[in-house]
Amino acid sequence: MSTETVSTASCLHRIDAASSEAALALTVIDRQASTRTAGPLAGWNLSIKANIDVAGWVSHAGSAAFLQRPAATHDAALVQQLRQQGATILAQSNMTEFAYGALGLNHHFGTPRNPRYPHEERVPGGSSSGAAVSVALGFSDAALCTDTSGSARIPAAFCGVVGFIPTKGLLPEDGIFPLSPSFDVPGFIAPNVTRCAQLFNALHPTTQSAIPSSQPWTLLVPTELDSLNLDDDVVQQFHAACNALEQAGATLVKASFPALITAGATAAEGGMISAEAYSIHQRWLENYGEQYDPLIRQRITAGATLPAWRYAHARQQLHEQTRAALHQLAHVDAVLTPTCPMLAPALAPLHDSEHYLATNRRSFLLTEFANRLNLPSLSLPYTPVNTHSIGLLLTAKPHNEPRLLALAQWIETLLLAKEQHHDCD
(Lines give C-alpha, C1' and ligand atoms only; values in the text may rest on other atoms or scores of the structure.)
Protein backbone atom coordinates (compact mmCIF):
# COMPACT_ATOMS: atom_id res chain seq x y z
CA MET A 1 0.00 0.00 0.00
CA SER A 2 1.12 3.54 -0.71
CA THR A 3 1.37 6.14 2.07
CA GLU A 4 -1.79 7.77 0.75
CA THR A 5 -3.64 4.45 0.81
CA VAL A 6 -2.58 3.73 4.38
CA SER A 7 -3.64 7.22 5.44
CA THR A 8 -7.07 6.84 3.91
CA ALA A 9 -7.49 3.34 5.28
CA SER A 10 -6.71 4.48 8.81
CA CYS A 11 -9.11 7.38 8.39
CA LEU A 12 -11.87 4.96 7.45
CA HIS A 13 -11.05 2.82 10.47
CA ARG A 14 -11.36 5.87 12.71
CA ILE A 15 -14.75 6.73 11.22
CA ASP A 16 -16.19 3.35 12.05
CA ALA A 17 -13.94 0.31 12.28
CA ALA A 18 -16.89 -2.05 12.57
CA SER A 19 -19.02 -0.77 9.69
CA SER A 20 -19.50 -2.86 6.59
CA GLU A 21 -19.21 0.29 4.48
CA ALA A 22 -15.70 0.96 5.78
CA ALA A 23 -14.70 -2.64 5.26
CA LEU A 24 -15.93 -2.51 1.66
CA ALA A 25 -14.06 0.74 1.05
CA LEU A 26 -10.85 -0.78 2.39
CA THR A 27 -11.28 -3.76 0.07
CA VAL A 28 -11.74 -1.43 -2.89
CA ILE A 29 -8.61 0.56 -1.98
CA ASP A 30 -6.51 -2.59 -1.58
CA ARG A 31 -7.70 -4.02 -4.91
CA GLN A 32 -7.17 -0.82 -6.87
CA ALA A 33 -3.81 -0.07 -5.23
CA SER A 34 -2.49 -3.45 -6.36
CA THR A 35 -3.62 -3.09 -9.99
CA ARG A 36 -3.43 0.60 -10.92
CA THR A 37 -0.61 1.99 -13.01
CA ALA A 38 1.54 4.97 -12.13
CA GLY A 39 0.21 8.28 -13.37
CA PRO A 40 -0.20 11.93 -12.43
CA LEU A 41 -3.09 11.01 -10.12
CA ALA A 42 -1.37 8.10 -8.39
CA GLY A 43 -2.14 8.20 -4.68
CA TRP A 44 -5.32 10.25 -5.18
CA ASN A 45 -8.57 8.94 -3.65
CA LEU A 46 -11.67 10.28 -5.40
CA SER A 47 -15.39 10.26 -4.66
CA ILE A 48 -17.80 9.93 -7.57
CA LYS A 49 -21.26 11.54 -7.70
CA ALA A 50 -24.08 8.99 -7.71
CA ASN A 51 -25.27 9.86 -11.24
CA ILE A 52 -21.93 8.77 -12.76
CA ASP A 53 -21.38 5.09 -13.60
CA VAL A 54 -18.80 3.09 -11.67
CA ALA A 55 -18.64 -0.58 -12.61
CA GLY A 56 -20.34 -2.67 -9.91
CA TRP A 57 -22.19 0.25 -8.32
CA VAL A 58 -25.82 1.26 -8.81
CA SER A 59 -25.99 4.76 -10.31
CA HIS A 60 -29.07 5.74 -8.33
CA ALA A 61 -28.71 9.50 -8.91
CA GLY A 62 -29.90 10.16 -5.38
CA SER A 63 -33.34 8.62 -5.97
CA ALA A 64 -35.12 5.66 -4.40
CA ALA A 65 -36.77 5.12 -7.79
CA PHE A 66 -33.42 4.18 -9.31
CA LEU A 67 -32.38 1.67 -6.67
CA GLN A 68 -34.07 -0.99 -8.86
CA ARG A 69 -31.57 -0.31 -11.63
CA PRO A 70 -28.88 -2.96 -12.14
CA ALA A 71 -25.34 -2.11 -11.17
CA ALA A 72 -23.29 -0.44 -13.87
CA THR A 73 -21.34 -2.91 -15.97
CA HIS A 74 -18.80 -0.34 -17.16
CA ASP A 75 -17.15 2.77 -15.79
CA ALA A 76 -18.23 6.11 -17.20
CA ALA A 77 -15.64 7.39 -19.68
CA LEU A 78 -14.31 9.93 -17.18
CA VAL A 79 -14.04 7.34 -14.40
CA GLN A 80 -12.10 5.10 -16.74
CA GLN A 81 -9.73 7.98 -17.53
CA LEU A 82 -9.26 8.71 -13.84
CA ARG A 83 -8.24 5.10 -13.20
CA GLN A 84 -5.86 5.20 -16.18
CA GLN A 85 -4.21 8.27 -14.65
CA GLY A 86 -3.63 6.36 -11.40
CA ALA A 87 -6.55 7.54 -9.25
CA THR A 88 -8.33 5.28 -6.77
CA ILE A 89 -12.13 5.42 -6.90
CA LEU A 90 -12.98 5.47 -3.23
CA ALA A 91 -16.71 6.05 -2.75
CA GLN A 92 -19.99 7.16 -4.26
CA SER A 93 -21.11 10.59 -3.05
CA ASN A 94 -24.60 11.71 -2.10
CA MET A 95 -26.55 14.23 -4.19
CA THR A 96 -29.87 15.99 -4.61
CA GLU A 97 -32.29 13.66 -6.37
CA PHE A 98 -31.57 13.62 -10.10
CA ALA A 99 -29.33 16.70 -9.63
CA TYR A 100 -32.45 18.89 -9.64
CA GLY A 101 -31.64 21.26 -6.79
CA ALA A 102 -28.82 23.55 -5.67
CA LEU A 103 -29.07 23.26 -1.87
CA GLY A 104 -28.18 19.60 -1.34
CA LEU A 105 -31.39 18.29 0.24
CA ASN A 106 -32.24 14.61 -0.16
CA HIS A 107 -35.20 13.19 1.74
CA HIS A 108 -34.44 9.53 1.01
CA PHE A 109 -30.66 9.24 1.52
CA GLY A 110 -30.40 12.15 3.94
CA THR A 111 -28.93 15.64 3.68
CA PRO A 112 -25.24 16.02 4.56
CA ARG A 113 -24.55 18.83 7.01
CA ASN A 114 -22.19 21.62 6.08
CA PRO A 115 -18.83 21.01 7.81
CA ARG A 116 -18.05 24.75 7.81
CA TYR A 117 -20.72 25.18 10.47
CA PRO A 118 -20.14 22.28 12.90
CA HIS A 119 -22.48 23.68 15.54
CA GLU A 120 -25.32 24.61 13.17
CA GLU A 121 -27.65 22.72 10.86
CA ARG A 122 -26.80 24.31 7.49
CA VAL A 123 -27.03 22.81 4.02
CA PRO A 124 -23.89 21.91 2.07
CA GLY A 125 -25.22 23.10 -1.29
CA GLY A 126 -26.00 20.90 -4.24
CA SER A 127 -26.66 19.06 -6.20
CA SER A 128 -23.14 17.73 -5.55
CA SER A 129 -23.61 17.79 -1.78
CA GLY A 130 -21.63 14.69 -0.83
CA ALA A 131 -18.85 15.61 -3.23
CA ALA A 132 -18.21 18.93 -1.51
CA VAL A 133 -18.49 17.47 1.99
CA SER A 134 -16.12 14.59 1.19
CA VAL A 135 -13.46 17.06 0.03
CA ALA A 136 -14.06 19.63 2.79
CA LEU A 137 -13.63 16.94 5.46
CA GLY A 138 -10.56 15.46 3.78
CA PHE A 139 -12.21 12.08 3.14
CA SER A 140 -11.33 12.35 -0.56
CA ASP A 141 -8.57 14.22 -2.39
CA ALA A 142 -11.02 15.45 -5.01
CA ALA A 143 -14.49 14.65 -6.33
CA LEU A 144 -15.94 14.06 -9.78
CA CYS A 145 -19.41 15.53 -10.14
CA THR A 146 -21.76 17.36 -12.53
CA ASP A 147 -22.98 20.94 -12.81
CA THR A 148 -26.16 22.10 -14.59
CA SER A 149 -26.76 25.49 -12.95
CA GLY A 150 -24.02 25.59 -10.33
CA SER A 151 -24.09 22.08 -8.87
CA ALA A 152 -20.31 21.87 -8.41
CA ARG A 153 -19.56 25.52 -7.68
CA ILE A 154 -22.37 26.25 -5.20
CA PRO A 155 -21.55 23.42 -2.74
CA ALA A 156 -17.86 24.28 -3.14
CA ALA A 157 -18.61 27.88 -2.13
CA PHE A 158 -20.81 26.86 0.81
CA CYS A 159 -18.26 24.31 2.07
CA GLY A 160 -15.12 26.43 1.57
CA VAL A 161 -13.45 24.45 -1.24
CA VAL A 162 -12.90 24.84 -5.00
CA GLY A 163 -15.46 23.94 -7.67
CA PHE A 164 -14.68 23.95 -11.39
CA ILE A 165 -16.41 23.29 -14.70
CA PRO A 166 -14.67 23.37 -18.09
CA THR A 167 -16.21 24.23 -21.44
CA LYS A 168 -18.89 21.69 -22.29
CA GLY A 169 -17.57 19.10 -24.71
CA LEU A 170 -13.97 19.06 -23.47
CA LEU A 171 -14.62 16.09 -21.19
CA PRO A 172 -16.63 13.00 -22.18
CA GLU A 173 -20.12 12.56 -20.75
CA ASP A 174 -20.70 8.90 -21.61
CA GLY A 175 -21.99 7.03 -18.56
CA ILE A 176 -23.40 10.11 -16.80
CA PHE A 177 -27.15 10.17 -16.15
CA PRO A 178 -28.32 13.61 -17.36
CA LEU A 179 -30.65 16.23 -15.99
CA SER A 180 -30.53 18.67 -18.91
CA PRO A 181 -28.18 17.59 -21.72
CA SER A 182 -27.95 21.13 -23.07
CA PHE A 183 -26.48 22.47 -19.82
CA ASP A 184 -24.94 19.51 -17.93
CA VAL A 185 -21.15 19.70 -17.59
CA PRO A 186 -18.82 17.28 -15.77
CA GLY A 187 -16.99 19.14 -13.03
CA PHE A 188 -14.60 18.77 -10.12
CA ILE A 189 -14.43 19.75 -6.49
CA ALA A 190 -11.00 19.97 -4.88
CA PRO A 191 -9.45 21.47 -1.73
CA ASN A 192 -7.50 24.07 -3.72
CA VAL A 193 -6.99 25.43 -7.22
CA THR A 194 -3.64 23.68 -7.71
CA ARG A 195 -5.15 20.26 -7.17
CA CYS A 196 -8.09 21.17 -9.40
CA ALA A 197 -5.68 22.20 -12.18
CA GLN A 198 -3.70 18.96 -11.76
CA LEU A 199 -6.90 16.93 -12.10
CA PHE A 200 -8.08 18.77 -15.21
CA ASN A 201 -4.65 18.66 -16.85
CA ALA A 202 -4.41 14.91 -16.26
CA LEU A 203 -7.70 14.40 -18.09
CA HIS A 204 -7.23 17.08 -20.74
CA PRO A 205 -3.52 17.78 -21.29
CA THR A 206 -2.78 21.10 -22.94
CA THR A 207 -0.07 21.94 -25.45
CA GLN A 208 -0.14 25.60 -24.46
CA SER A 209 2.88 27.12 -22.78
CA ALA A 210 2.65 27.71 -19.04
CA ILE A 211 0.93 30.99 -18.25
CA PRO A 212 2.92 33.13 -15.79
CA SER A 213 0.83 34.02 -12.77
CA SER A 214 2.54 37.38 -12.36
CA GLN A 215 1.09 38.93 -15.50
CA PRO A 216 -1.46 41.75 -15.20
CA TRP A 217 -5.03 40.47 -15.03
CA THR A 218 -8.21 42.24 -16.12
CA LEU A 219 -11.52 41.30 -14.51
CA LEU A 220 -15.02 42.43 -15.40
CA VAL A 221 -17.21 43.16 -12.36
CA PRO A 222 -20.84 43.41 -13.56
CA THR A 223 -22.72 46.51 -12.43
CA GLU A 224 -25.82 44.29 -12.29
CA LEU A 225 -24.56 43.08 -8.91
CA ASP A 226 -25.65 46.42 -7.41
CA SER A 227 -29.29 45.72 -8.20
CA LEU A 228 -29.38 42.12 -7.01
CA ASN A 229 -30.51 40.98 -3.58
CA LEU A 230 -27.13 39.94 -2.16
CA ASP A 231 -26.68 39.36 1.57
CA ASP A 232 -24.74 42.10 3.37
CA ASP A 233 -22.02 39.64 4.46
CA VAL A 234 -21.47 38.59 0.86
CA VAL A 235 -21.33 42.18 -0.41
CA GLN A 236 -18.82 43.24 2.24
CA GLN A 237 -16.52 40.28 1.67
CA PHE A 238 -16.73 40.61 -2.10
CA HIS A 239 -15.77 44.29 -1.90
CA ALA A 240 -12.84 43.37 0.37
CA ALA A 241 -11.66 40.78 -2.15
CA CYS A 242 -11.96 43.29 -5.01
CA ASN A 243 -9.89 45.82 -3.06
CA ALA A 244 -7.20 43.20 -2.39
CA LEU A 245 -7.04 42.27 -6.08
CA GLU A 246 -6.73 45.89 -7.16
CA GLN A 247 -3.99 46.54 -4.61
CA ALA A 248 -2.11 43.53 -5.99
CA GLY A 249 -2.20 44.96 -9.52
CA ALA A 250 -5.32 43.50 -11.11
CA THR A 251 -7.50 45.80 -13.21
CA LEU A 252 -11.18 45.63 -12.30
CA VAL A 253 -13.50 46.94 -14.99
CA LYS A 254 -16.96 47.76 -13.67
CA ALA A 255 -19.41 47.51 -16.55
CA SER A 256 -22.80 46.14 -17.46
CA PHE A 257 -22.83 42.45 -18.31
CA PRO A 258 -26.48 41.70 -19.18
CA ALA A 259 -25.99 37.96 -19.67
CA LEU A 260 -25.46 37.56 -15.93
CA ILE A 261 -29.23 38.00 -15.56
CA THR A 262 -30.76 37.42 -18.99
CA ALA A 263 -29.25 33.99 -19.70
CA GLY A 264 -30.83 32.33 -16.69
CA ALA A 265 -34.13 34.13 -17.12
CA THR A 266 -34.31 33.08 -20.78
CA ALA A 267 -33.77 29.41 -20.01
CA ALA A 268 -36.34 29.54 -17.19
CA GLU A 269 -38.96 31.26 -19.33
CA GLY A 270 -38.43 28.64 -22.01
CA GLY A 271 -38.73 25.83 -19.45
CA MET A 272 -35.63 24.30 -20.95
CA ILE A 273 -34.42 22.23 -18.01
CA SER A 274 -37.82 20.81 -17.08
CA ALA A 275 -38.61 20.01 -20.75
CA GLU A 276 -35.34 18.13 -21.19
CA ALA A 277 -35.69 16.41 -17.82
CA TYR A 278 -39.22 15.24 -18.66
CA SER A 279 -38.07 13.80 -21.99
CA ILE A 280 -35.54 11.71 -20.05
CA HIS A 281 -37.77 10.69 -17.15
CA GLN A 282 -41.08 10.04 -18.91
CA ARG A 283 -40.80 6.25 -18.96
CA TRP A 284 -39.43 6.13 -15.43
CA LEU A 285 -42.26 8.28 -14.13
CA GLU A 286 -44.82 5.89 -15.61
CA ASN A 287 -43.44 2.95 -13.62
CA TYR A 288 -41.78 4.47 -10.56
CA GLY A 289 -43.21 7.97 -10.23
CA GLU A 290 -44.54 7.34 -6.72
CA GLN A 291 -40.96 6.76 -5.53
CA TYR A 292 -39.75 10.17 -6.71
CA ASP A 293 -39.42 13.01 -4.24
CA PRO A 294 -42.80 14.77 -4.75
CA LEU A 295 -41.22 18.18 -5.26
CA ILE A 296 -38.70 16.83 -7.76
CA ARG A 297 -41.46 14.96 -9.60
CA GLN A 298 -43.56 18.13 -9.77
CA ARG A 299 -40.71 20.13 -11.28
CA ILE A 300 -39.92 17.44 -13.86
CA THR A 301 -43.51 16.85 -14.95
CA ALA A 302 -43.95 20.58 -15.52
CA GLY A 303 -41.96 19.99 -18.69
CA ALA A 304 -44.73 17.83 -20.16
CA THR A 305 -47.01 20.76 -20.99
CA LEU A 306 -44.51 23.37 -22.20
CA PRO A 307 -45.11 24.48 -25.80
CA ALA A 308 -42.28 23.65 -28.17
CA TRP A 309 -42.12 27.21 -29.51
CA ARG A 310 -41.09 28.51 -26.08
CA TYR A 311 -38.20 26.07 -25.90
CA ALA A 312 -37.07 26.91 -29.44
CA HIS A 313 -37.37 30.66 -28.82
CA ALA A 314 -35.31 30.40 -25.65
CA ARG A 315 -32.58 28.46 -27.44
CA GLN A 316 -32.35 31.12 -30.14
CA GLN A 317 -32.22 33.90 -27.53
CA LEU A 318 -29.39 32.13 -25.70
CA HIS A 319 -27.47 31.90 -28.96
CA GLU A 320 -27.73 35.66 -29.41
CA GLN A 321 -26.83 36.34 -25.77
CA THR A 322 -23.78 34.11 -26.11
CA ARG A 323 -22.51 36.13 -29.06
CA ALA A 324 -22.89 39.38 -27.11
CA ALA A 325 -21.21 37.95 -24.00
CA LEU A 326 -18.26 36.60 -25.97
CA HIS A 327 -17.71 40.04 -27.45
CA GLN A 328 -17.39 41.45 -23.93
CA LEU A 329 -15.22 38.59 -22.69
CA ALA A 330 -12.75 39.15 -25.53
CA HIS A 331 -11.42 42.18 -23.66
CA VAL A 332 -11.02 40.68 -20.16
CA ASP A 333 -9.60 37.57 -18.53
CA ALA A 334 -12.76 36.67 -16.64
CA VAL A 335 -16.00 37.90 -15.11
CA LEU A 336 -15.71 38.24 -11.32
CA THR A 337 -18.73 37.86 -9.03
CA PRO A 338 -19.58 36.18 -5.74
CA THR A 339 -20.47 32.54 -6.32
CA CYS A 340 -23.71 32.78 -4.34
CA PRO A 341 -25.80 35.71 -3.15
CA MET A 342 -25.95 34.28 0.38
CA LEU A 343 -24.10 32.13 2.90
CA ALA A 344 -25.14 28.51 3.32
CA PRO A 345 -28.81 28.56 4.44
CA ALA A 346 -30.12 26.94 7.59
CA LEU A 347 -31.70 23.54 6.95
CA ALA A 348 -34.90 23.72 9.05
CA PRO A 349 -36.76 26.49 7.16
CA LEU A 350 -36.22 24.67 3.88
CA HIS A 351 -38.72 21.98 4.81
CA ASP A 352 -41.37 24.49 3.71
CA SER A 353 -41.66 23.89 -0.04
CA GLU A 354 -42.31 27.51 -0.98
CA HIS A 355 -39.32 28.71 1.02
CA TYR A 356 -37.21 25.93 -0.44
CA LEU A 357 -38.09 26.77 -4.04
CA ALA A 358 -37.43 30.48 -3.55
CA THR A 359 -34.10 29.86 -1.80
CA ASN A 360 -33.08 27.24 -4.35
CA ARG A 361 -33.77 29.60 -7.25
CA ARG A 362 -31.83 32.39 -5.57
CA SER A 363 -28.80 30.18 -4.87
CA PHE A 364 -27.82 29.77 -8.55
CA LEU A 365 -28.55 33.37 -9.55
CA LEU A 366 -24.85 34.05 -10.24
CA THR A 367 -23.65 30.64 -11.43
CA GLU A 368 -26.16 29.57 -14.06
CA PHE A 369 -25.13 31.97 -16.84
CA ALA A 370 -21.93 29.96 -17.32
CA ASN A 371 -23.94 26.81 -18.13
CA ARG A 372 -26.44 28.65 -20.34
CA LEU A 373 -23.64 30.24 -22.42
CA ASN A 374 -21.17 27.29 -22.19
CA LEU A 375 -18.38 29.10 -20.36
CA PRO A 376 -15.70 27.58 -18.09
CA SER A 377 -16.16 28.71 -14.50
CA LEU A 378 -14.43 28.27 -11.15
CA SER A 379 -15.35 29.09 -7.55
CA LEU A 380 -12.63 29.52 -4.95
CA PRO A 381 -13.08 30.30 -1.26
CA TYR A 382 -12.37 33.66 0.32
CA THR A 383 -12.28 33.77 4.11
CA PRO A 384 -11.38 37.17 5.60
CA VAL A 385 -10.40 37.21 9.25
CA ASN A 386 -13.27 36.58 11.71
CA THR A 387 -15.85 36.03 8.97
CA HIS A 388 -17.54 33.16 7.20
CA SER A 389 -16.17 32.00 3.85
CA ILE A 390 -17.76 33.09 0.58
CA GLY A 391 -17.01 31.88 -2.92
CA LEU A 392 -15.39 34.07 -5.56
CA LEU A 393 -16.60 33.09 -9.03
CA LEU A 394 -14.41 33.45 -12.12
CA THR A 395 -16.02 32.80 -15.51
CA ALA A 396 -14.03 33.02 -18.75
CA LYS A 397 -14.18 32.56 -22.50
CA PRO A 398 -14.81 29.04 -23.86
CA HIS A 399 -11.73 26.81 -24.20
CA ASN A 400 -9.71 29.18 -22.04
CA GLU A 401 -9.21 26.81 -19.12
CA PRO A 402 -5.42 27.16 -18.76
CA ARG A 403 -5.68 30.93 -18.39
CA LEU A 404 -8.67 30.66 -16.04
CA LEU A 405 -6.84 28.20 -13.80
CA ALA A 406 -3.68 30.34 -13.79
CA LEU A 407 -5.74 33.38 -12.79
CA ALA A 408 -7.47 31.40 -10.04
CA GLN A 409 -4.11 30.18 -8.71
CA TRP A 410 -2.82 33.75 -8.60
CA ILE A 411 -5.89 34.90 -6.66
CA GLU A 412 -5.73 31.92 -4.31
CA THR A 413 -2.06 32.60 -3.52
CA LEU A 414 -2.73 36.30 -3.00
CA LEU A 415 -5.73 35.84 -0.72
CA LEU A 416 -4.12 33.01 1.24
CA ALA A 417 -1.09 35.19 1.92
CA LYS A 418 -3.39 38.00 3.03
CA GLU A 419 -5.27 35.67 5.40
CA GLN A 420 -2.00 34.39 6.89
CA HIS A 421 -0.81 37.97 7.39
CA HIS A 422 -3.98 38.74 9.36
CA ASP A 423 -3.48 35.59 11.44
CA CYS A 424 -0.02 36.83 12.43
CA ASP A 425 -1.21 40.31 13.46
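In strand β10 (residues 390–395), L380 has L392 as its bridge partner. The strand that pairs here with β10 is β9 (residues 377–382), and the two are joined by 6 bridges and run antiparallel. Strands count as paired if DSSP finds at least two bridges between them. Strands (E, at least two residues) and helices (H or I, at least four) are DSSP runs, numbered from the N terminus.

A word on what you are looking at: this is a predicted model, in which local features need pLDDT of at least 70 and side-chain atom pairs count only at pLDDT 80 or more, while totals for chains, interfaces and linings use all residues. Residues are numbered from 1 along each chain as its sequence is written, and side-chain values use heavy atoms, leaving out hydrogens and water.

## The sheet

Strands of a sheet pair through backbone hydrogen bonds, either parallel or antiparallel. Here, 10 strands make an open sheet with mixed pairing, in the order β2-β1-β3-β5-β4-β9-β10-β8-β6-β7. The edges are β2 and β7 (251–255), each of which pairs on one side only. On average, neighbouring strands are turned by 25° against each other, direction ignored.

Let us look at β8 (residues 334–338). All 5 of its 5 residues are buried, so the strand is largely enclosed by the rest of the structure. Buried means under 20% relative accessible area, exposed means over 50%, and partly exposed lies in between (1.4 Å probe, protein chains only). Strand β6 (residues 218–222) runs parallel to β8 and is joined to it by 2 bridges, with L219 partnered by A334. β10 is antiparallel to β8, with 4 bridges between them, and its L392 stands opposite P338.

## The nonpolar core

In soluble globular proteins, nonpolar side chains tend to be buried together. A nonpolar core here is a set of buried Ala, Val, Leu, Ile, Met, Phe, Trp, Tyr and Cys residues joined through side-chain atoms within 4.5 Å. The largest one has 112 residues, and those that touch the most other members are L82, F188, L336, L378, L392, L394 and I411. Helix α14 (residues 401–424) gives the most to this core, with 8 residues. Leaving aside residues up to four places away in sequence, L394 touches L219, A334, V335, L336, P376, S377, L378, L380, L404, L407, A408 and I411. Contact means heavy atoms within 4.5 Å. Another core, of 11 residues, lies apart from the largest one and has V133, V135, A143 and A156 among its members.

## Helix α4

Helix α4 (residues 129–136) has 7 of its 8 residues buried, so it is largely enclosed by the rest of the structure. The buried ones are S129, G130, A131, A132, V133, S134 and V135. Their cover includes β1 (45–49), β2 (88–93), β3 (142–147), α5 (153–159) and β5 (185–190). After the helix comes G138, with a positive phi near 80°.

## Helices α9 and α10

Two packed helices are described by the angle between their axes and the distance between the axes. Helix α9 (residues 272–288) and helix α10 (residues 294–301) pack at about 115°, with axes 8 Å apart. Axes are lines fitted to C-alpha atoms, for helices over the stretch in contact, and angles run from 0 to 180 degrees between N-to-C directions. On the α9 side, S274, A277, Y278, H281 and L285 meet R297, R299, I300 and T301 of α10.

## Aromatic pairs

Rings of Phe, Tyr and Trp (its six-membered ring) pair if their centres lie within 6.5 Å; planes under 30 degrees apart count as stacked, over 60 as edge-to-face and the rest as tilted. This rule gives 9 aromatic pairs, including these two:

| Pair | Centre distance | Plane angle | Class |
|---|---|---|---|
| F98 and F177 | 6.2 Å | 40° | tilted |
| W284 and Y288 | 5.6 Å | 35° | tilted |

F98 lies in the loop between β2 and α4 and F177 in the loop between β4 (162–165) and β5, so this pair links distant parts of the chain, 79 residues apart. F98 is buried at 2% relative accessibility, and F177 is buried at 15%. W284 and Y288 are 4 residues apart in α9, separated by about one helical turn. W284 counts as buried at 12%, whereas Y288 is partly exposed at 25%.
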